[in-house]
Amino acid sequence: MAQNKNLLILGAGQYGVMAKEIAEAMGVFDRIAFLDDSFAKDPAAAAEHSVVGTTRDIEKFAAEFRYGFVAIGNPELRRKLTEQLRYNCITPAILVHPAAYVSPSAQLQKGCCIEPNATVQAGAVVAAASFVSSGAVIR
């Protein structure tokens with residue numbers, strides 16, 4: 001049985017929207033949905049933004065989504081939720097916008113995001129659950 005190419009993004013705020021746009025530009029995911037705690041009290045807004053649950057629902061969606069990405073600004077919480085994805089057998093996705101340059105000898109660890117017009121130079125290592133902003137140069 002072929003594994004799905006669905007992406008579950010944790011956080012539907014500014015980072016989440018950017019992650020979704022990058023994932024769409026990559027063109028490799030069949031479905032993209034969000035888990036976000038702030039939409040829990042507004043079902044209409046949740047539906048409009050493809051929010052299917054809260055971060056407490058990771059286990060519930062593990063069979064439906066092969067990949068996950070944590071798009072939350074707080075780095076400590078981002079690392080914790082990335083570990084929860086792994087614990088639930090959801091692979092932390094590496095998101096790289098097609099307009100970014102990543103050297104073939106660079107290392108991108110699970111759950112990192114490379115935004116448009118960023119450069120990751122030869123031999124650089126981008127740590128797990130890190131964001132590289134547009135225009136940044138990582139050496």
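Two strands are taken to pair if DSSP finds at least two bridges between them. In this predicted model, strand 10 (residues 119-120) and strand 13 meet that criterion, pairing in the parallel sense over two bridges. Within this pairing, Thr-119 has Val-137 of strand 13 as its bridge partner. Both strands belong to an open sheet of three strands, arranged in the order 7-10-13 with parallel pairing.

The loop between strand 6 (95-96) and strand 7 contains Ala-99. This residue is partly exposed, because its relative accessibility is 39%. When residues up to four places away in sequence are not counted, Ala-99 touches Pro-116 and Asn-117. Ala-33 stands 66 residues from Ala-99 along the chain, and the C-alpha atoms of the two are separated by 23 Å.

A further open sheet comprises five strands in the order 3-2-1-4-5, again with parallel pairing. Its edges are formed by strand 3 (51-53) and strand 5 (91-92), each of which pairs on one side only. Strand 1 (residues 6-10) and strand 4 are joined in the parallel sense over four bridges, and Leu-10 stands opposite Val-70 of strand 4. Helix 1 packs on this sheet and touches strand 1, strand 2 (31-35) and strand 4; the direction of the helix makes about 170° with that of strand 2. Helix 4 (residues 75-87) lies across strand 1, strand 4 and strand 5, and runs at about 170° to strand 4.

Aromatic side chains were examined next. The structure holds four aromatic pairs. One of them is formed by Tyr-15 and Phe-131, a tilted pair with 4.8 Å centre to centre and 45° between the planes. This pair links distant parts of the chain, since Tyr-15 lies in helix 1 (residues 14-26) and Phe-131 in strand 12 (residues 131-132), 116 residues apart.

Phe-69 lies in strand 4 (residues 67-70) and Phe-131 in strand 12, so the pair ties together parts that are 62 residues apart in sequence. Like Phe-131, Phe-69 is buried. Together, Tyr-15, Phe-69 and Phe-131 form one aromatic cluster.

The cysteines were considered last. A disulfide requires a pair of cysteine sulfur atoms within 2.5 Å, and the count by this rule comes to zero. For Cys-112, the closest cysteine sulfur is that of Cys-113, at 7.6 Å, which is too far for a bond. Cys-113 is likewise in no disulfide, the nearest cysteine sulfur being that of Cys-112. Cys-112 is buried, with a relative accessible area of 0%, and Cys-113 counts as buried at 0% relative accessibility.

Notes. Residues are numbered from 1 along each chain as its sequence is written. This is a predicted model: local features need pLDDT of at least 70, side-chain atom pairs count only at pLDDT 80 or more; totals for chains, interfaces and linings use all residues. Side-chain values use heavy atoms; hydrogens and water are left out. Buried means under 20% relative accessible area, exposed over 50%, partly exposed in between (1.4 Å probe, protein chains only). Contact means heavy atoms within 4.5 Å. Rings of Phe, Tyr and Trp (its six-membered ring) pair if their centres lie within 6.5 Å; planes under 30 degrees apart count as stacked, over 60 as edge-to-face and the rest as tilted. Axes are lines fitted to C-alpha atoms, for helices over the stretch in contact, and angles run from 0 to 180 degrees between N-to-C directions.
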